[in-house]
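Have the structure open and follow along.

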Amino acid sequence: MLRFVARTARAGSRRREPDLGRGDRSLRARTAHGMVVMGASTGGQALLQLGFLTVLARLLTPEDFGVVSGALIIVFLATAIAESGVGQAIIQRAELTVAHMRVGWTLSVLTGLISFALVFVLAPAIEDLLRLDGLVPILRVLAVMFVLNGLTLSDFLLSRRLHFGRLAGAELASYAVGYGGVAVTLALLGFGPWAIVWGQLGQSAMRALLVTVLAPYPYRPSLERRVAGELLNFGAGLTLGRIASWAATQVDNVVVGRYLGAAALGFYGRAYQLVQMPANLFGQVANEVLFPAMAARQDDLRTLRRVFGMGVGVLTALALPVSVLAAATSEPLVRLLLGDQWLPLRAAFDIIIFGLLFRTTSKLTDALMKARGAVYRRAVRNTVFAVLVFVGAYVGQRWGLHGVAVGVLVALGLNYAYSAQLCLRLIEMRWREFAAAHLPALAPAVAAGAIGLGARWALAPADAPPAVEVAVAWPLAILVCLMLVRLAPRSALLRPLARLGVELHATLPGTMRRWFGRVLGGAYASSLRTVQPPDAPADRLAGLAADEHAETRVGGELG
C-alpha cells in the first residue's frame with residue numbers, strides 16, 4: 001500500500017481535487033444518495049449502539065460508566081484542539097491541491113502528538129479537578145486516540161468527494177467490530193471500565209485504517225507557510241468554535257462529576273446518551289453530507305434557503321414526536337434497555353429528552369454556518385452557549401440530576417434561537433418562514449404523546465412487562481404518524497405536513513422519488529398543485545438528516 005501511496009504523491013502538488021460546485025449537475029443526486037447511505041449507516045450504528053449499551057449496562061456499574069465519561073470529557077476537548085479544523089478546511093476549500101493534503105496531514109500528526117503528551121502529563125491534575133478516583137491511568141491510555149486520529153485525513157477526503165458509501169461502511173464496521181466486539185468481550189471477562197476504554201481505542205484504530213485504505217493520499221510531510229496559512233485561517237475559527245462546542249456539551253458533565261459524583265455522572269451520561277442516539281440518527285447526516293454539499297453551493301442563497309427550511313421541517317417532524325413519545329414511556333424504556341438499576345436516570349431523562357429537537361437541528365445550523373464560512377461568528381455563539389450550559393448546570397445541581405437537566409434544557413432552547421438568528425442572516429431568510437418550518441411536527445407530536453400515555457394507562461391494570469408496553473406504544477405511534485402523513489393533503493389542519501411531504505418529494509431524484517411517492521400515497525398525486533411551493537427549482541440540493549464529525553472520529557458515545 002505504501003508503494004501505491006508513493007506513486008500517488010508523485011502526481012505533484014499542483015494537482016487539484018475534482019470540482020463539485022455549481023457546474024456539477026450530479027450534485028443533487030449524489031447528495032441525495034449520500035443522505036440515504038449515511039442515514040442507513042447512522043441508523044445501523046444507532047441500533048448497534050443501543051444493543052451494546054443494553055448489554056454493557058447489565059455488565060458494568062454506573063460508577064464504571066461515570067469514570068470513563070469523566071475521561072472522555074478531556075478526550076473530546078483535546079480532540080477539538082488537536083484537529084485544529086484542518087480536516088474541515090479541506091472539505092470547505094473550493095480548490096484543493098496535493099500540497100494542501102500534505103500540509104494538512106503534517107499539521108494533523110503534529111497536533112495529535114502534542115495533545116497526547118499534554119494529556120499524559122496533566123492527567124493527575126485533571127483527576128483532582130474532576131474528583132474522580134482512578135481517572136489517571138484511563139485518561140493516559142485514551143490519549144493514544146489523538147495519535148491514531150492524527151495519522152489520517154482520509155475521512156475528510158471521502159466526505160469532500162461525496163464518497164459517503166465508503167465512509168459509512170468504514171464507520172459502521174469500526175463501531176461494530178472495533179468498539180462493540182472489543183468492549184462487550186472484555187466486559188464479559190470482568191475488565192470493568194477498561195472494557196469501554198479498549199473498545200474506544202479499537203474503534204479509533206480500525207476506523208483510521210479503513211478510511212486510509214479507501215482514500216490514500218501523499219504521506220510526505222510539508223509545512224509550506226502559504227498553504228498552512230490557508231488551512232489554519234479557516235481551521236482556527238472552526239477550532240475556537242469546537243472548543244466552545246465542547247464546553248457546551250461537556251461542562252454539564254464536569255459539574256455533575258465534580259459535585260454529584262461518579263455514579264451520578266454515570267446516570268446522567270446514560271440519560272443524555274439515550275437522547276443523543278436519535279439526535280445523531282436524525283442530525284449527523286446534516287454534518288456529514290450537507291456540509292460539503294452546501295459548501296459547493298455556498299453562494300446560491302436561494303437554494304440554501306430552501307434546503308435549510310426543508311431541513312428544519314424534516315428534522316423537527318422527526319425529533320418532536322420521538323421526544324414526546326419517549327417522555328410518555330420513559331419508565332418501560334429504561335427498564336427494557338438498561339435494567340432496573342438505572343431507573344434513577346429518569347430524573348434527568350424525562351426533562352432532557354425535550355432537548356432532542358434542539359440537539360438535532362443544531363447539526364443543520366452548524367453545517368450551514370461552516371459552509372458559509374462563518375466560523376468565527378459560530379465560535380462566539382458556541383461560547384455563549386457554553387456559558388449558558390454551565391450556569392444552568394451549576395445552579396441546577398443543588399436539586400440533583402433533575403435540576404441539572406432543567407438548566408441544560410433552558411440553555412439548549414436559548415442557543416437554538418441564537419444560532420438560528422445567525423443562519424437566517426447568512427441566507428437572508430425571514431423569521432416567519434423559519435417558524436413556519438416547525439409547524440408540520442405539531443400534529444404527529446400530539447398523536448405520539450396521546451398514544452404513549454394511552455398505552456401505559458391501558459396496560460397498567462395488567463402489570464405488563466416493559467417489553468410489552470414498548471412493543472405496543474411505539475409501533476402504534478409510528479403507524480398513526482404515517483397515517484397522518486398520508487392523509488395530510490385531505491385536511492386543512494395538516495396542510496403544513498402535506499406541504500413538507502411534497503417539498504421533500506420534489507427534491508429527491510429518480511428512483512428515490514418514486515419510492516417516497518409510494519410511501520406518501522395516492523392522495524399527494526392529486527394535491528401537488530395545491531400544496532407544492534411555488535417556484536421550486538428542479539436543480540436544488542437534496543438532503544437532510546443526521547455529531548459532529550470529530551465526535552465520530554473519537555468514538556462518540558459510550559456503548
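This is a predicted model: local features need pLDDT of at least 70, side-chain atom pairs count only at pLDDT 80 or more; totals for chains, interfaces and linings use all residues.

Two packed helices are described by the angle between their axes and the distance between the axes. Start with helix 17, residues 375–396, and helix 18, residues 400–427: their axes come within 7 Å and cross at roughly 165 degrees. Angles over 145 degrees count as roughly antiparallel, so helix 17 is roughly antiparallel to helix 18. The crossing here is right-handed. Sort the residues in this contact by class and you get 14 nonpolar, eight polar and three charged.

Now turn to helix 13 (residues 301–328) and helix 16 (residues 356–371). Their axes sit 8 Å apart, and the packing angle is about 160 degrees. That angle makes helix 13 roughly antiparallel to helix 16, and this crossing is right-handed. If you want to find the contact on screen, the helix 13 side includes Leu 304, Phe 308, Gly 311 and Val 312, while the helix 16 side includes Leu 356, Leu 357, Thr 360 and Thr 361. By class, the contact has 10 nonpolar and six polar residues, with no charged ones.

Last stop: Gly 44, which lies in helix 2, residues 27–59. Is Gly 44 buried or partly exposed? Its relative accessibility is 21%, so Gly 44 counts as partly exposed; the cut-off for buried is under 20%. Gly 44 also pairs up with a residue from elsewhere in the chain: Ala 176 is 132 residues apart from Gly 44 in sequence, yet the two are 9.5 Å apart in space, C-alpha to C-alpha.

Terms used
Residues are numbered from 1 along each chain as its sequence is written. Side-chain values use heavy atoms; hydrogens and water are left out. Axes are lines fitted to C-alpha atoms, for helices over the stretch in contact, and angles run from 0 to 180 degrees between N-to-C directions. Helices (H or I, at least four residues) and strands (E, at least two) are DSSP runs, numbered from the N terminus. Angles under 35 degrees count as roughly parallel, over 145 as roughly antiparallel, 65 to 115 as roughly perpendicular and the rest as oblique. A crossing is left-handed if the near helix is turned anticlockwise from the far one by less than a right angle, and right-handed if clockwise. Ala, Val, Leu, Ile, Met, Phe, Trp, Tyr, Cys and Pro count as nonpolar, Asp, Glu, Lys and Arg as charged, and the others, Gly among them, as polar. Contact means heavy atoms within 4.5 Å. Buried means under 20% relative accessible area, exposed over 50%, partly exposed in between (1.4 Å probe, protein chains only).
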